[in-house]
Amino acid sequence: MTKKERALEIIKLLKKEYPLAECTLDYDEAWKLLISVRLAAQCTDERVNKIVPKLYEKFPDVESLAKARVNQIEAIVRPCGLGKSKARDISGCMKMLRDEYDGKVPNDFDELMKLPGVGRKSANLIMGDVFGAPAIVTDTHCIRLVNRMGLVNGIKEPKKVEMELKKIIPPKEGNDFCHRLVIHGREICSARTNPKCDECVLKGVCKRKI
């Protein structure tokens with residue numbers, strides 16, 4: 001079985017197991033997803049979802065966040081960890097959206113990468129979830145699982161994993177595939193405990209088991 005054949009079979013099985021594929025960060029506007037994905041670094045999505053309503057209650061739009069002092073933002077987002085750097089990035093990002101993009105999140109990958117605190121993972125998530133563009137989000141779940149499954153061989157650097165997956169994952173499937181990997185990584189193929197291979201729908205195609 002080639003990597004591409006394995007990838008297509010894994011996509012099919014994960015679709016059946018997890019028919020709903022969506023981002024686990026709560027948002028209703030693109031700029032809010034930008035903030036949440038920055039806060040999610042070294043923090044759970046569940047905690048981020050609890051914290052951001054407090055942020056938006058005080059600063060309900062791009063303009064108010066752009067005007068806010070960094071320490072005001074930090075006071076709210078501190079429970080997500082790395083409060084100073086995250087608050088600084090959020091402030092800089094909102095200022096840049098206000099001053100250079102008319103308050104709107106750009107729908108271009110390279111433009112997104114210019115925003116403070118936005119890396120390839122964040123930019124791909126925005127492009128895929130907000131704008132429906134082909135995207136591969138190489139978070140920790142994705143990197144761990146695709147190595148275990150045999151879709152990549154011992155590659156841990158996010159950009160390299162992204163480039164390898166683009167060779168074998170159909171563009172229209174990439175974004176939802178990565179969301180399903182997050183769910184599967186939390187429920188079955190965990191990092192903190194032994195993966196539940198006997199319960200896994202992928203045990204017939206996962207390289208770890210064949």
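This is a predicted model: local features need pLDDT of at least 70, side-chain atom pairs count only at pLDDT 80 or more; totals for chains, interfaces and linings use all residues.
This is a short talk on how helix 6 packs against two other helices, and on the cavities in the structure.

I'll start with the helix packing and then move to the cavities.

So, helix 6 covers residues 83-100, and helix 5 covers residues 70-77. Two packed helices are described by the angle between their axes and the distance between the axes. For helix 5 and helix 6, the angle is about 125° and the axes are 8 Å apart. Helix 5 and helix 6 are therefore oblique to each other. Their crossing is right-handed. Who makes the contact? From helix 5 we have Val-70, Ile-73, Glu-74 and Val-77, and from helix 6 there's Gly-83, Lys-84, Ala-87, Arg-88, Ile-90 and Ser-91. Sort those by class and you get five nonpolar, three charged and two polar residues.

Now the other partner, helix 2, residues 30-39. Helix 2 packs on helix 6 at an angle of about 160°, and here the axes are 10 Å apart. An angle over 145 degrees counts as roughly antiparallel, so that's what we call helix 2 and helix 6. This crossing is right-handed too. On the helix 2 side, the contact uses Trp-31, Leu-34, Ile-35, Arg-38 and Leu-39. Facing them in helix 6 are Ser-85, Lys-86, Asp-89, Ile-90, Cys-93, Met-94 and Leu-97. By class, that contact has eight nonpolar, three charged and one polar.

The lining is Leu-34, Ile-35, Arg-38, Asp-89, Ile-90, Cys-93, Met-94, Pro-116, Gly-117 and Val-118. Helix 2 and helix 6 are the elements that give two or more residues to that lining. Which one gives the most? Helix 6, with four residues. The lining splits into seven nonpolar, two charged and one polar.

And then the largest cavity, with a volume of about 100 Å³. That one is lined by 14 residues. Nearest its centre you'll find Cys-189, Cys-197, Cys-200, Cys-206 and Arg-208. As for the classes in that lining, eight are nonpolar, five charged and one polar.

Note on methods: Residues are numbered from 1 along each chain as its sequence is written. Side-chain values use heavy atoms; hydrogens and water are left out. Axes are lines fitted to C-alpha atoms, for helices over the stretch in contact, and angles run from 0 to 180 degrees between N-to-C directions. Angles under 35 degrees count as roughly parallel, over 145 as roughly antiparallel, 65 to 115 as roughly perpendicular and the rest as oblique. A crossing is left-handed if the near helix is turned anticlockwise from the far one by less than a right angle, and right-handed if clockwise. Contact means heavy atoms within 4.5 Å. Ala, Val, Leu, Ile, Met, Phe, Trp, Tyr, Cys and Pro count as nonpolar, Asp, Glu, Lys and Arg as charged, and the others, Gly among them, as polar. On a 1 Å grid over the protein atoms alone, a cavity is a set of points where a 1.4 Å probe fits but cannot get out, and a pocket is an open set with protein on both sides within 12 Å along at least five of seven lines; lining residues have an atom within 4 Å of a point. Grid points are joined across faces, edges and corners, and a volume is the space filled by probe spheres set on the points.
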